[in-house]
Amino acid sequence: MKDRIQQNYSPSEVKRLLHQLAQSFEEYYSECYKAQGRSVPPLDPGRWIDLAKKALLENSDDFSTLARKALSGSHRLHDPRYMGHQVPPVVPVAAFFDLIGRASNQGAAVFEMAPFGTAAERAVIGELGKMIGWAEGSFAGVGTHGGTLANVTALLAARNVRYKNSWREGLSSINGLKPAVMTSSDSHYCIARGCGILGMGTSQLVKVPVDEKRKMDLRKARELLIKAPQSGLDVFAIVGSACTTPTGSFDDLYGIASLAQEFNLWFHVDGAHGASFLFSDKHKHLLKGIECADSIAWDAHKMLFVPALSTYLLYKNKKNSWEAFSQDAPYLFDPQDPQGLAEFDGGLRTFECTKGALSLGLWGVWSLYGKAFLASLIDRSMETTQLFYRLLNESPDFETAHEPQCNILCFRYLPEADLKSKETLSQVQIKLRNQLLQEGEGYITGTKIEGEYYLRVTVINPLTQEEHLKALMEKIRRIAQDLNR
C-alpha cells in the first residue's frame with residue numbers, strides 16, 4: 001500500500017492523468033459542438049446511480065473510462081441547442097484555472113491558506129466595485145459559494161445594522177413592530193428563504209406586485225411602506241432584482257434607492273444574473289442606480305461564463321462588510337496579528353468556515369482574454385435573444401409573454417385548435433416541454449406567469465445560432481402535431 005500511495009501522488013501519475021483528461025474533454029467538447037443526438041442525458045436516476053455504484057464496487061475502470069462515464073451523464077451545456085437554466089457553457093480556460101485551486105486545495109477563508117487565491121479575489125472585487133461606480137477604497141466585498149449565501153448574508157448584515165444586539169441576543173421588536181423585508185413578487189425564492197433563516201419568518205416578507213413590465217411597482221411599494229407600521233411591521237431592508245428569474249426583468253433601481261432613502265431602509269440588489277451586464281457598454285444602462293445600493297450579490301457563474309460556484313457580495317460602505325458575523329476563533333482569525341493579515345481573512349465575512357479559491361476562474365479568463373471578451377459573450381447572448389424574439393413574433397403559431405430585457409424569454413406555442421381555456425393552453429406547453437426532455441435533443445425550461453404556464457429559454461450559449469433557434473421551433477411544431485394525433 002505504501003508503494004501505491006507514492007505512485008498515486010507522483011508527478012508522473014499527474015502527467016498521465018492530465019493527458020487522459022485532456023483527451024476526454026476534447027471528445028466531450030467535439031460532441032457538444034456537433035449539436036447532434038442528445039444534449040440532455042436520459043433523466044433516469046436509477047440508471048446513473050447503478051452506474052456510479054458499479055464503479056465504486058469494481059474498482060477496475062481506468063481514469064479515461066470513469067471520466068467518460070461522468071461526462072455521459074452530464075448536461076451538455078456547450079451544445080448550442082442548450083437554452084435552459086441560467087447556467088452557462090463555461091469558457092474552458094476558466095475551468096482549468098479553477099482546477100489550479102482545486103488540485104492544490106486552496107482554502108480562501110484564511111489568507112495564509114490561500115495567498116494567491118485570496119489575492120485574485122481581492123483584485124477581482126476591486127475591479128467590480130469600480131465598475132459599479134463606487135470610490136476606490138470605500139467599498140469591500142467577499143467571494144462566496146452562490147447567490148443564495150450572498151443574498152442571505154447581505155440581509156443578515158442589514159438586520160444587524162438595524163437591530164444592534166440581534167447577533168448575540170436574537171431578534172426583538174421595535175416599538176412592538178416585527179422586523180420585515182420588502183421585495184417584488186417576482187424576486188428569487190432565496191429572499192423568502194433568508195427571512196426564514198434569519199428568524200424573522202417568511203410571513204414578514206412584504207411582496208410588492210409587479211407592473212406590466214414585471215418590474216416592482218414603486219407606487220404600490222410606497223403605499224405598502226406607509227401602511228407597514230399599521231400592519232405591525234418594521235421594514236428595514238428593500239431588495240431590488242437585477243434581474244428576476246422568471247422573465248429577466250430589471251427593477252427600477254434608482255426608484256427603489258429613492259424609497260430606501262425616504263424610509264431609511266437598507267437597499268440590497270440581487271444582481272446574481274444581471275449585474276454582469278455592467279461589463280457591456282451596450283447594456284449596462286439596465287443597471288442604472290445600482291451604485292446607490294448598500295449591498296449587491298453578483299454571480300460570476302452565470303453571465304461571466306465561469307464554473308459554479310463563484311459569487312461576490314459587495315458592500316458600498318466597507319465597514320458594513322464586517323456587520324454580518326461576529327465570531328471568536330483565535331486558532332484561525334487573529335485580530336492582533338502583527339502582519340495585519342486578518343483584514344484579508346474571507347471567513348470573517350462569510351457563512352463558510354472553509355471557502356474555495358473561487359475567483360481563480362474569473363481572474364484567469366479576465367487576465368488572459370480581457371474584459372472586452374467577457375463583454376462580447378454578454379452582447380452575443382443578448383443579440384441571439386432578440387433574434388429569437390423576432391422569429392417567434394413573426395410566426396403566427398407562437399406568442400411571446402414579454403419583450404426580453406435580457407437573455408431570458410418566455411413564450412408559448414399556439415395549437416391550431418381554438419383553445420379558449422387558459423388551463424388547457426398551459427397543459428399543452430407542459431406536454432411539449434416534457435416531450436422535449438424525453439427526446440433530449442435540446443433543452444428549455446418553463447415557468448408560470450399570472451398562473452399560466454409558458455415555455456422559457458435562457459439564451460446563454462454564445463455558440464447558439466439562428467439555425468438552432470429555428471430547429472427548436474420546428475421541433476416544438478412536430479411534437480405538437482404528434483401529440484394532437
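This is a short exchange of questions and answers on a predicted model. Local features need pLDDT of at least 70, side-chain atom pairs count only at pLDDT 80 or more, and totals for chains, interfaces and linings use all residues. Residues are numbered from 1 along each chain as its sequence is written, and side-chain values use heavy atoms, with hydrogens and water left out.

Biologist: What is the volume of the largest pocket?
Modeller: The grid has 1 Å spacing over the protein atoms alone; a pocket is an open set of points with protein on both sides within 12 Å along at least five of seven lines, and lining residues have an atom within 4 Å of a point. Points are joined across faces, edges and corners, and a volume is the space filled by probe spheres set on them. For the largest pocket that gives about 880 Å³.

Biologist: Which elements give two or more residues to its lining?
Modeller: The lining of the largest pocket holds 37 residues, and Ala 95, Asp 98, Arg 102, Pro 307 and Ala 308 lie nearest its centre. The elements that give two or more are helix H2 (11-34) and H5.

Biologist: On which side or sides of H6 do its buried residues lie, and over what arc?
Modeller: The buried set of H6 is Gly 117, Thr 118, Ala 120, Glu 121, Val 124, Ile 125, Leu 128, Gly 129, Met 131 and Ile 132. They share the same side of H6, because their arc is only 165 degrees.

Biologist: What do the buried residues of H6 pack against?
Modeller: H6 covers residues 115-132. Its buried residues pack against strand S1 (140-144), strand S6 (295-299), strand S7 (311-315), H12 and helix H13 (371-393).

Biologist: Which residues does Leu 128 touch, not counting residues up to four places away in sequence?
Modeller: A nonpolar core is a set of buried Ala, Val, Leu, Ile, Met, Phe, Trp, Tyr and Cys residues joined through side-chain atoms within 4.5 Å. The largest has 65 residues, and Leu 128, Phe 267, Phe 277, Phe 279, Trp 298 and Leu 362 touch the most other members. Leu 128 touches Phe 279, Trp 298, Tyr 312, Leu 314 and Trp 366.

Biologist: Where does Leu 309 lie?
Modeller: The peptide bond from Ala 308 to Leu 309 is cis, with omega near 0 degrees. Most peptide bonds are trans. Leu 309 lies in the loop between S6 and S7.

Biologist: What is the relative accessible area of Asn 105?
Modeller: Asn 105 is not a glycine, yet has a positive phi of about 55 degrees. Its place is the loop between H5 and H6. Asn 105 is exposed, at 65%.

Biologist: How far apart are the C-alpha atoms of Val 152 and Arg 193?
Modeller: Val 152 lies in helix H7 (residues 147-162). Val 152 is buried, with a relative accessible area of 3%. Beyond its neighbours within four places in sequence, Val 152 is in contact with Cys 190, Gly 194, Ile 197, Leu 198 and Phe 351. Arg 193 is 41 residues from Val 152 along the chain, and their C-alpha separation is 8.0 Å.

Biologist: What separates the C-alpha atoms of Phe 25 and Met 113?
Modeller: Phe 25 lies in helix H2. Phe 25 is partly exposed, with a relative accessible area of 25%. Met 113 is 88 residues from Phe 25 along the chain, and the C-alpha separation is 30 Å.

Conventions
Buried means under 20% relative accessible area, exposed over 50%, partly exposed in between (1.4 Å probe, protein chains only). Contact means heavy atoms within 4.5 Å. On a 1 Å grid over the protein atoms alone, a cavity is a set of points where a 1.4 Å probe fits but cannot get out, and a pocket is an open set with protein on both sides within 12 Å along at least five of seven lines; lining residues have an atom within 4 Å of a point. Helices (H or I, at least four residues) and strands (E, at least two) are DSSP runs, numbered from the N terminus. The expected span of a helix is 1.5 Å times one less than its number of residues. The arc is that of the directions from the helix axis to the C-beta atoms.
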